[in-house]
Each structure stands twice: as structure tokens, then as C-alpha cells.
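Here are my notes on the model, in numbered points. Please read them with the structure open.

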Amino acid sequence: MSATFDELWAELAPLGRHRPTGGYRRFSWGPADVEVRSWFAQAAAARGLEVQPDRNGNLWAWWGDPGPDAVVTGSHLDSVPDGGAFDGPLGVVGALAAVDELQRRGARPLRPLAITVFVEEEGARFGVPCLGSRLLTGAITPERAAALTDADGLTWARAMEKAGLDPDRIGPAPELVDRIGVFVELHIEQGRALARTGDPIGVASAVWPHGRWRMDFSGRADHAGTTLLGDRHDPMLPFAETVLAARSVAAAHDAIATIGKAQVQPNGTNAIPSKVRAWLDARAPDEATLQAVVEGVDAAAQRSSGEHGVFLASYQESRTPLVEFENGLRDRIAAIAGDRNGPVPTLPTGAGHDAGVLASAVPTAMLFVRNPTGVSHAPDEYAEPADCHAGTAALADVLAELLGEGPG
Ligand code: HGY
Ligand code: MN
Ligand code: MN
């Protein structure tokens with residue numbers, strides 16, 4: 001199995017990789033995304049899996065007829081800008097290699113199996129993370145999704161259309177969700193918990209509540225060299241104070257807040273900006289703390305904007321509630337994975353996943369693979385091959401158990 005994992009990994013690795021940074025730029029419906037989706041379809045077909053895109057563009061590779069009570073596994077292939085190689089692909093390559101292992105064992109599943117590749121998990125191009133699984137489960141309206149735009153103003157609908165799919169069909173697919181008996185996602189841990197405990201794999205207990213808020217600071221464009229300081233309405237100042245406030249409010253609440261993306265208009269060296277658009281990513285162990293962090297940052301942003309004669313408009317672009325994976329399935333997965341690896345720890349994560357969205361609709365679990373540095377959403381993201389193989393073997397064992405064994 002490790003051979004097929006390594007072969008698949010080597011095939012996928014160069015696709016969408018940005019050489020100057022070593023990071024990945026696989027953005028939904030873009031050229032790299034088309035390449036990796038085609039790679040997946042070929043790899044699945046080579047295993048006798050029938051690949052079907054659903055109405056939202058998520059890919060489903062079926063082993064057996066797409067029937068009820070299916071065992072579904074998979075992840076995503078899109079990335080953040082200059083993302084790492086493992087976030088998403090580990091779950092897709094691991095699933096393909098796990099199917100190889102089951103077929104090598106001569107498994108005769110009692111239930112259908114599907115490997116999924118969800119679209120726009122990172123929300124890197126159109127702004128809402130887990131867009132494919134949110135559409136599938138009705139967690140976002142088709143109207144809102146279709147109108148989402150990328151940095152060039154191209155809508156999700158047009159981008160889908162250019163990729164050959166019909167945007168008029170997007171929306172909830174209860175007939176497909178009803179077929180899912182259980183969903184298990186293999187993913188690199190985006191943190192160092194397993195590195196600290198020394199375990200190669202772990203099982204997710206929860207996904208922290210988290211969300212994204214857009215803040216538009218509107219001031220008055222003017223000359224950088226002639227406008228007196230007292231006459232300015234410079235949106236860069238409340239923006240800068242908000243970045244610092246996000247850090248201090250999060251620290252005060254033992255939570256996490258990041259402002260990692262900002263756009264300055266007109267972005268000229270010698271011009272006071274007219275507008276600064278920035279995004280807050282906030283996460284916390286519970287809903288009340290998350291709310292307190294968001295309110296604290298917004299209050300600081302409003303206060304500073306007022307002081308500088310700047311108008312601030314804030315919008316919640318996405319929010320994911322606390323997800324607590326069902327204990328019975330969680331413990332069952334840990335026990336199966338523990339057969340090979342000894343006791344497997346359970347751990348929460350601050351990272352969002354399609355599994356977190358699907359958990360609202362079907363029994364869901366996640367297997368984590370050790371990340372020795374904890375680095376993710378960056379070119380240096382890494383997991384040891386032996387740990388990737390251990391995660392894949394554990395996934396194969398979990399799938400075998402969940403699929404059941406038909407008569408000889
Ligand atoms: O942002 C996240 O937590 C995930 O990687 N989409
Ligand atoms: Mn990610
Ligand atoms: Mn991911």
C-alpha cells in the first residue's frame with residue numbers, strides 16, 4: 001500500500017505547485033484545479049471506481065452502485081495561496097491507496113464506497129470555505145453561492161460554467177446526502193499535538209467554532225505629501241489598529257484571531273488610501289468565546305474608525321458552529337486504528353473541514369496524521385511518509401470494518 005500511496009503522491013505533487021515559493025496555488029475551477037480533478041478521475045477509474053460530479057461540482061468516485069448507507073471518505077484538492085502539499089491531498093491520496101489495499105485483500109464490501117473530492121474547501125478564490133459541502137448539505141443558499149466573486153469579479157456561477165458545469169443546478173442534494181451512511185476524512189493535523197504525544201495518528205474530537213468577517217474601512221483619498229495630518233481620513237490607521245486589536249483581544253480570551261488578507265485602494269505609495277478591505281479569521285474553543293472575540297475586535301475597529309473620521313462596514317462572510325464528532329463513531333474509529341498503532345489519542349482542531357460541515361447531516365469522523373512541525377497553509381507543511389502510510393493503513397482498516405465483508 002505504501003508503494004501505491006507513494007506513486008499516487010508523486011503523480012499529484014507537481015500539479016499546481018508554484019515553483020518560486022514551493023507552495024500550491026490550486027484555486028477552484030482554475031487551470032491547476034482542472035488538472036488535479038482530471039488526475040483524480042483517472043486514478044479513480046484505474047481502480048474501477050466510477051466518477052460522477054454532483055450538481056455542485058464535488059467529485060464522487062463510487063466502488064459499487066451508488067446506493068444507500070454508503071461509506072464515504074475523501075477530502076479536497078484546492079489550496080490556500082502557497083499552501084502546503086498535504087492539506088487536502090493526504091485525504092484523497094490516502095483514500096485511493098486505502099481502496100487499493102482493500103482490493104488487494106480481496107475485500108467484498110457489503111456497502112457501497114465513495115471517495116469524494118469537495119470543491120472550494122479553502123474558500124481561497126471565492127471567500128466561503130467548504131463551499132462544496134455547504135452547498136451539498138444546504139448550509140448555504142445556491143443564490144448566495146452563485147453570486148460569490150473572486151478577486152477579478154468573476155462569479156462562482158460563471159467560473160463553474162467555464163469549467164463545463166451547469167451553475168443553474170447548484171444547491172442541496174438530499175438524495176445524495178441520504179445515501180451517505182458514514183463519512184471519514186483523513187487529514188494532516190494542522191498543529192503539533194501528535195508531535196508532542198509522539199503518536200503517528202489521532203482521531204478528531206471536535207472542530208472549534210470559527211468564521212470569517214470582512215471589514216471595509218472607507219476614508220478619503222488624498223495626497224500623501226501635501227495633506228496635513230489633522231486633515232486626513234486615512235483608513236489605513238484604523239485598519240492597523242484593528243490588526244493589533246485582533247491579536248490582543250484573542251490573547252485576552254485564549255482564542256485565535258488573524259488578519260491575513262487586506263486590499264488597499266488605490267494602493268499608491270504617494271496616495272492616502274480611499275479604502276482598506278480586510279478579513280478577520282477568528283476561532284475559539286466555544287461559541288461564547290468566539291462571539292466575545294468578534295465583538296471585541298469589531299468594537300475596537302469601530303472606535304478607531306470613529307477617531308480617524310473613517311466609516312467602517314463589517315460583514316460576516318462565513319461561520320461554522322462548534323462541531324463535536326459523535327462519540328460512538330469517534331471511539332470506534334480510534335479502536336480500529338488502535339489495533340495497529342496502539343492507543344490512538346483524540347484531539348480537537350481549530351481547522352475547518354468538510355467533515356465538520358457534513359457532521360450536521362451524517363455520522364462523521366476524522367483521522368489525523370502527525371505533523372512534526374505543526375506548520376500548515378504554508379509551503380513548509382510536511383508529514384513523514386511513514387506517518388502518511390500509517391494514516392492510510394488505519395483508514396483502510398476503518399473502511400474495511402465499516403464496509404463489512406460479503407460472502408466468499
Ligand atoms: O481554514 C481552515 O481552517 C481550513 O483549512 N479550511
Ligand atoms: Mn486548509
Ligand atoms: Mn483541509
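1. Start with Ile333. Leaving aside residues up to four places away in sequence, Ile333 touches Val184, Val203, Ala365, Leu367, Val398 and Leu402. Bear in mind that this is a predicted model.

2. The largest nonpolar core holds 56 residues. Ile333 is among the members that touch the most others, together with Trp39, Phe40, Leu96, Ile115 and Leu367. There is also a second, separate core of 23 residues. Its members include Ala173, Ile180, Phe183 and Phe325. In soluble globular proteins, nonpolar side chains tend to be buried together.

3. Next, the metal site. Which residues coordinate the manganese ion (ligand 3)? The donors are His76 through NE2, Asp87 through OD and His187 through NE2. Their distances run from 2.1 to 2.2 Å. The donor spacing in sequence is H-x10-D-x99-H.

4. Now the charged pairs. How many salt bridges does a search of the whole structure find? The search gives 18. One of them joins the side chains of Asp100 and Arg47, at 2.6 Å from N to O. Asp100 belongs to helix 3 (residues 89-104), while Arg47 is in the loop between helix 2 (31-45) and strand 3 (50-53), so the bridge ties together parts 53 residues apart in sequence. Asp100 and Arg47 are both buried.

5. Asp397 and Arg340 form another salt bridge, with their closest N and O atoms 2.4 Å apart. This pair links distant parts of the chain. Asp397 is in helix 13 (residues 385-403) and Arg340 in helix 11 (residues 327-341), 57 residues apart. Arg340, at 49%, counts as partly exposed.

6. Salt bridges with shared partners join Glu101, Arg104, Arg105, Arg340 and Asp397 into one network.

7. Finally, Asp281 and Arg283 form a salt bridge, the closest N and O atoms being 2.7 Å apart. Asp281 counts as buried at 18% relative accessibility. Arg283 also counts as buried, at 17%.

Notes. Residues are numbered from 1 along each chain as its sequence is written. Chains are lettered from A and ligands numbered from 1 in the order in which they are written. This is a predicted model: local features need pLDDT of at least 70, side-chain atom pairs count only at pLDDT 80 or more; totals for chains, interfaces and linings use all residues. Side-chain values use heavy atoms; hydrogens and water are left out. A salt bridge is a side-chain nitrogen of Lys or Arg within 4 Å of a carboxyl oxygen of Asp or Glu. Helices (H or I, at least four residues) and strands (E, at least two) are DSSP runs, numbered from the N terminus. Buried means under 20% relative accessible area, exposed over 50%, partly exposed in between (1.4 Å probe, protein chains only). A nonpolar core is a set of buried Ala, Val, Leu, Ile, Met, Phe, Trp, Tyr and Cys residues joined through side-chain atoms within 4.5 Å. Contact means heavy atoms within 4.5 Å. Donors are N, O and S atoms within 2.8 Å of the metal (3.2 Å for Na, K and Ca); water is not among the atoms, so sites may look incomplete.
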